[in-house]
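Have a look at it first.

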Amino acid sequence: MPRLPARWLLPALPLAFLALLLVAPVVRLLAEGLGAGAWSGGEPLRWLDVWQDGYLRWRVLWSLAQAAITCALALVLGLPVAWVLARLEFPGRALVLRLLMLPFVVPTLVAALGVLALWGPRGLLGAPLAGAGIELVDTPWLLLYGNLFFNLCVVVRAGVDALEQVNAPRVAAARTLGATPWRAFWRVEWPAIAPWLASALCLVFLYCFAGFGLALILGGQRYATVEVEIYTLVAHELALGQAGVLAVWMLLLTGAVALAYAWLEKRLAAPGRVSPVLRQRPRSGAQWVAVAAALAVLFVVCAAPLLAIVWRAAQALLDGQGTAVLLEADTRAALWNTLRFTAMALTLATALGLTHALAVRALDAASLQRQASEARGALALAWRAAAFLPFVVSPVTVAFGLLLLYPDWTASLALLVAAYALLAYPFVAKSLTAALDSLPASYAQAAATLGARPWRVLWRVTLPLVAPALRRGMAFATATALGEFAVTLFLSRPEWTTLTTLIYQHLGRPGAANLDAALVLACVLMGLALIAFTLIEGPAQKDNDAHA
């Protein structure tokens, strides 16, 4: 029998996985929402009830508002920091650029506890403020600060990359014609970097709008987002129809932002050969002040919450109040569950990411053939974009859809690990696809000419060349699985408690001892994530290759 081409077999595994774990649950969720409760046997709901109910309308509008406010704050703070990092050369700059990925490694729940350890009622800065009569709990500021912790680095990294694409001769010509540095920035540099920043801000909006862990811990009763409301409706009120309507609106809104992001990314075509503006050492006091201010912003927003966790956890251990939690059987069981779920999810995510990236390369090669049709080229482009689907759908929406579609499997280990892998594998696929795109085809062709079979070419030539990118993608996938929280709340059994859910359980109990226990466990989880990321990624890469 004639064999199917390998390029059509490669996408089979990730395609089936996406269909069963993402597309089908989303369709089922749409049916729940558009069916207005008929599927769950509830009272008929009108699809516009979300906007007619004052409480639900506030939840949606606040979710949009906090995401938009975070975008504005990230731009105002991040653009000056990016300019300093892109234009000035100072000791420690390379280390600062590498540390910009740190917020992406830290689990969401750890970041939320870091905010509380710093600004909460018993926090390092929150306690003096509380003593002065300034309470930050049950205000929007804690959530906005937590959003900035995760997303400021996205804008800074995008700004640095964009400023490095500005053509130096254009800036020099503007200065020669009498433009001040400020006018040269607005008339020459800003038009060039604006699309990059707009693309980054779309991602920031998506992260904040669809965020769950931060909003659950820091939002409180009044400032929780739609994702928290969906979880509450499902887990505590069993109002599946109403939750489905909310989830449909979330899908529509996030889909619109994702389309805007895709349109912006399409405009960011690969630039031609540019002469970047050379970095200079700070020469004046004002420039050194700018460097100090940029580092201060990064410290206050990104580093201070993590240091506050370490400090508070150390205090709890020294006082003896936090030591007991490390010796409890529940902690050992949660640590074991976290490690084994992560290992299983990483194995599956690596296989999915590898086959997805290889399928992209095979389909791209097929679309470049002489007789290739436009449909084949569109198929290659669509498959390349399919890796981003798990980023568009929030973890709460994924978990809710799986709960509705596979009710008999919701307490199964296979479904839980598969959901972990679904959220983690895009990091592997994205990193490997970028590496394969930059890999010269002549290497594989030379090996094939010498008689190597395709699998031997893959094993002996391709994989060793893309190994750094594979390790980088696996490192981010590991960090994602270690800190996964929303899926675990929906699909896990009580005996499958992980470190994230154990932290949440301690936070839900009254008393200072439980808060100390949560902080100690958060410090353990943060250390575990950093160790796993460092071991998998390996030694530092070059500056221009250090970010995923």
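Rings of Phe, Tyr and Trp (its six-membered ring) count as a pair if their centres lie within 6.5 Å; planes under 30 degrees apart are stacked, over 60 edge-to-face, and the rest tilted. By this rule there are 19 aromatic pairs. Keep in mind that this is a predicted model: local features need pLDDT of at least 70, side-chain atom pairs count only at pLDDT 80 or more, and totals for chains, interfaces and linings use all residues. Residues are numbered from 1 along each chain as its sequence is written, and side-chain values use heavy atoms, leaving out hydrogens and water.

**Phe212 and Phe485**
- Their ring centres are 5.8 Å apart and the planes sit at 35 degrees, so this pair is tilted.
- The two are 273 residues apart, with Phe212 in the loop between α11 (181–209) and α12 (213–218), and Phe485 in the loop between α23 (454–482) and α24 (486–491); helices here are DSSP runs (H or I, at least four residues), numbered from the N terminus.
- Phe212 is buried at 7% relative accessibility, and Phe485 is buried at 4%; buried means under 20% relative accessible area (1.4 Å probe, protein chains only).

**Phe476 and Phe533**
- This pair is edge-to-face, with 5.1 Å between centres and 80 degrees between planes.
- Phe476 is in helix α23 and Phe533 in helix α26 (residues 512–537), so the pair ties together parts 57 residues apart in sequence.
- Phe476 is buried, with a relative accessible area of 7%, and Phe533 is buried, also with 7%.

Terms used
Buried means under 20% relative accessible area, exposed over 50%, partly exposed in between (1.4 Å probe, protein chains only).
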